[in-house]
Amino acid sequence: MNNFDFKNPTKIIFGKDTIEKVNQEIPADAKVLLLYGGGSIKNNGIYDQVKTALADLDVTEFGGIPANPEYATLMDALKVIKEENITYLLAVGGGSVIDGTKFLSAAAVYDGDTPWDILTKNIRTEKGMPFGTVLTLPATGSEMNSGAVITRKETKEKLAMGGPGLFPEFSILDPQVITSIPERQLANGLTDAFTHVLEQYMTYPIGALLQDRFAESILQTLIEVAPTVLKDPTDYKAASNFMWSCTMALNGLIQKGVPTDWAVHAIGHELTALFGIDHARTLAVIAPSHYKFNFESKKEKLAQYAERVWNITESSTDDKAYAAIEKTVDFFHELGIDTKLSDYTKDYEGTAEEISERFTKRGWTKLGEHQSLSPEKVEKIVKMAY
Ligand code: NZQ
Ligand code: ZN
């Protein structure tokens, strides 16, 4: 096992009817900006619950943060923060609203030329404007980590940012919120969380027995609850296990002391930037090709995953490893998620070359757990995913 530091300062408030506790977490004298997305919270009662809980606080609102949070919209929100002398941000939404809020937390205290630099120059935020979240969609883990991904339509870019100052101070996780989520987004959430675990697990063995079993248990739990979550999101047992699995998949715990990959996400973000494909679906497109292309270096963990997660115990390491990739594709299909780029766009010719060029320009020449994934290899993986 590798050496590691681990600190996660986010307070989690988990369970039924916990949204009413939001006022206990925000300082009474705060000037709060409540941030939300396209309006789902106004239809499902979450907005009313939050507003009731915050009745005694000074609250301004900013709605309309789109899925794949857009830089231009966030710059409008930044103006509100400055004009209204906001001191505390509250994100009420899924990964997009929470990520947008993290960007604002960083941008509110940034004194460089343009906040876009935070993304292009990898500026880490050591201390941002304080913020909390009310999670409405289990998927990204953003509610308990310090990363964010921001989109800029103008340049068709989607870039990541982060830093120790961007953990939410608290996150409220009421699993009952999933009852209003469309099936398509539930499937996205399951797929995203599943792939987060794979990115931190599907590398090579390093003797981290506990981390491996944490990762495998999250995968097993997601597989177990997936059919019920999709069929009946009012099932609280399934909803609560789904929500907690998504948070645990990307709150830092399972990546400690182990090599991590993240190439599937790096490539997937380009597919969202270029075609607007939902984040989770881009992962389902890239992951199978990525694992097939890097089969030799990943096959020991693939075979372990085959045995422990999919109960494939007969046959050779190679056969088990290959079968595990097929099982993963079948799982995505069962969720209703297509796994080829051509399922999402007819306009895919040239995509592999474009992504490869973008990575070269950005100096992203050494992706993956061995830092051996060059732009040329990325091009081949994307072509395999057509
Ligand atoms: O905008 P509203 O009206 O709220 O509707 C949203 C949106 O249309 C809807 N929704 C959310 N909660 C709902 C609901 N509809 C009904 N009932 C509810 N309770 O769902 C749609 C998708 O929401 P979004 O926030 O975009 O989804 P998700 O949570 O999957 O977030 C995706 C974003 O997170 C980034 C992705 O790249 C993408 O931009 N990620 C962030 C990560 C992180 N910070 O750690 C890691 C991930 O790998 C990912 O990259
Ligand atoms: Zn993801």
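Where does Asn311 lie? Keep that in mind while I start with the ground rules. This is a predicted model, where local features need pLDDT of at least 70, side-chain atom pairs count only at pLDDT 80 or more, and totals for chains, interfaces and linings use all residues. Residues are numbered from 1 along each chain as its sequence is written, chains are lettered from A and ligands numbered from 1 in the order in which they are written, and side-chain values use heavy atoms, with hydrogens and water left out.

Okay, back to Asn311. You'll find it in the loop between α11 (295–310) and α12 (317–334). Helices here are DSSP runs of H or I with at least four residues, strands are runs of E with at least two, and both are numbered from the N terminus. Asn311 isn't a glycine, yet it has a positive phi of about 55°. Its relative accessibility is 62%, so it counts as exposed. On that scale, buried is under 20% relative accessible area, exposed is over 50%, and partly exposed is in between, using a 1.4 Å probe and protein chains only.

Ser315 sits in the loop between α11 and α12 as well. Ser315 has a positive phi too, about 80°, although it is not a glycine. At 46% relative accessibility, Ser315 counts as partly exposed.

Now the metal. Which residues hold the zinc ion, ligand 2? The protein donors are Asp192 through OD, plus His196, His265 and His279 through NE2, lying 2.0 to 2.2 Å from the zinc ion. A donor is an N, O or S atom within 2.8 Å of the metal (3.2 Å for Na, K and Ca), and since water is not among the atoms, sites may look incomplete. Along the chain, the donors follow the spacing D-x3-H-x68-H-x13-H. Asp192 is in helix α6 (residues 183–201) and His279 in helix α10 (residues 279–293), so this pair ties together parts that are 87 residues apart in sequence. Asp192 and His279 are both buried.

Next up, ligand 1. There are 33 residues around ligand 1, and Gly38, Gly95, Ser96, Asp99 and Lys158 come nearest; a residue is near if one of its heavy atoms lies within 4 Å. By type, the shell splits into ten nonpolar, 20 polar and three charged residues. Domain 1 (11–176) and domain 2 (182–384) both give residues to that shell, so ligand 1 lies between them.

What about polar side-chain atoms? Ser180 has one 2.8 Å from a nitrogen atom of ligand 1, and Asn44 has one 3.5 Å from a nitrogen atom of ligand 1. The elements giving two or more residues to the shell are α4 (95–107), β6 (147–152), α6 and α9 (263–275).

Last stop, helix α13. Is Phe359 buried or exposed? Phe359 has 0% relative accessibility, so it counts as buried. Lys361 lies in helix α13 too, residues 351–362, but at 76% relative accessibility it counts as exposed. From Lys361 to Pro375 is 14 residues in sequence and 9.9 Å in space, C-alpha to C-alpha.

Note on methods
Polar contact = N/O pair within 3.5 Å; in protein donor to acceptor, adjacent residues only side chain to side chain. Nonpolar A, V, L, I, M, F, W, Y, C, P; charged D, E, K, R; others polar. Domains from an automatic or database assignment.
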